[in-house]
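Good morning, and thank you for coming. Please look at the structure on the screen while I speak.

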Amino acid sequence: MSDFSSLGLSDWLIKQCQQLGISKPTPVQQNCVPAILEGRDCLGCAKTGSGKTAAFVLPVLQKLSEDPYGIFCLVLTPTRELAYQIAEQFRVLGKPLGLRDCIVVGGMDMVAQALELSKQPHIVVGTPGRLADHIRSSNTFSMSRIQFLILDEADRLLEQGCTDFTKDLEEILGILPAKRQTLLFSATLTDTLQELKNIAMNKPFFWESKSETRTVEELDQRYILTPEKVKDAYLVHLIQTFTDEHDDWSIIIFTNTCKTCQILTMMLRELNFPTISLHSMMKQKQRFANLAKFKASVYKILIATDVAARGLDIPAVQVVINHNTPGLSKIYIHRVGRTARAGRSGVSITLVTQYDIHLVHSIEEQIQTKLKEYPVKEKEVLKILTQVNVTRRECEIKLESTDFDEKREINKRKQMILEGKDPDLEAKRKAELEKIKSQKKRFKQKIQETIERQKRGQLKKKLKKRKEMKKKKSAEAAASSTS
Ligand SMILES: Nc1ncnc2c1ncn2[C@@H]1O[C@H](COP(=O)(O)OP(=O)(O)OP(=O)(O)O)[C@@H](O)[C@H]1O
């Protein structure tokens, strides 16, 4: 493996890397840094925890040091926490430059951000929604001279998921100069490759780590097959075992909804586990505070929705537990990628109910790895089953007495209004769609039943005909033998 100087990076940057304990470039850095320094657009696809952030931060800092001005570089990323993490990397590596950055994310004071933007910082890191808001509402900054546009977790930014960034992205791209370098990075680029190539138009340099598997070798990937009703008892048993055996291990548990995230946090706290949560229904300041406490190991257990699935780099995380089996292999890859980073080892355990087995098969096929069963002493799990389930039920009742669901409804309505939709009209449309869907389903069912009936009828007829033929033949045979 070559060193950083052979990639064309300046001595001051190499020194900065060394201070952070980074001495040898990882393959994604080795391949992408020279291409970016040459002035090419770049698409970099490498596994989780392989140093993609430094692969774009280092060449941008080098170019910035040669011709410093603001706003020089814009980095977009899907989550607010990730924006802060990326800005931190720029800050640490770019310290000798006296780098000025500005973080533009939702949930934080917009006026303060506008003020920061007006001071023309060197680097702007943000989420698309908030930056598009600034573009619409103020003219205190210009991005017409930016040299670099970076989309981190680029595939997520371009897919139309539950949070759709595409409209905001269009608006942002509209104010950027055509002459710029565009850098796109993710551990899962391949599905959206065409859309990405359209954004990075300047004959992009494409680099993908060559590997049969899509997850890292240092990760021990396990599953536990469990009935839905026993799932939480397994979860508690696992946490108890890990915390008994390793007091320096941190654990992330992923759930599919904010509500489950909240209930499980309450339940584990009730059972005296040092637990903290992270989901999109929390106030942003609380989100940052909780993440900071988890990073500092004040709390050893973080329960999160997929808002924490991508990019977060927390070296102490040794275990990732999937409380639900992710429906998409992409989500699985990012979730389990929160452990076993930068060459460290880690364990992931996915709790699988009888309804999710097909999802596991599909994940295994996509990542080209078979998950192994995690051995558990079932007797131990059954011992705590009643206590766990009663505690969970109590927490559910407690949560119902708060305005959690109501808040969720209000948040949904707010989001729709922000997107320029009428919530009542949307609800009506949704109900109509549901009606049409169920009509279609009933119609399909009816057709299926008719086909089945016809098939049965035809089969009956065939059998009857065969029987008659047989009868006829045997009658003919009897007649010929008597004659
Ligand atoms: N060359 C290197 N040698 C050792 N460690 C490195 C090197 N480059 C980066 N790191 C460290 O590796 C860790 C993971 O890097 P990073 O967060 O950039 O991963 P990533 O590829 O972006 O992962 P993800 O896909 O999950 O976002 C960080 O703690 C970073 O400081």
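In serine 50, a backbone N or O atom lies 3.1 Å from an oxygen atom of the ligand, a polar contact (here, a pair of N or O atoms within 3.5 Å). The model is a predicted one, in which local features need pLDDT of at least 70, side-chain atom pairs count only at pLDDT 80 or more, and totals for chains, interfaces and linings use all residues. Residues are numbered from 1 along each chain as its sequence is written, and side-chain values use heavy atoms, with hydrogens and water left out.

What does aspartate 313 form with arginine 341? The two form a salt bridge, their closest N and O atoms being 2.7 Å apart; the term means a side-chain nitrogen of Lys or Arg within 4 Å of a carboxyl oxygen of Asp or Glu. Because both residues lie in loops, aspartate 313 between β11 and β12 and arginine 341 between α13 and β13, the pair ties together parts 28 residues apart in sequence. Arginine 341 is buried, at 9% relative accessible area, whereas aspartate 313 is partly exposed, at 34%. Buried means under 20%, exposed over 50%, and partly exposed in between, with a 1.4 Å probe and protein chains only.

How values were computed: A polar contact is a pair of N or O atoms within 3.5 Å; within protein, one must be able to donate a hydrogen and the other to accept it, and residues adjacent in sequence count only if both atoms are side-chain atoms. Helices (H or I, at least four residues) and strands (E, at least two) are DSSP runs, numbered from the N terminus.
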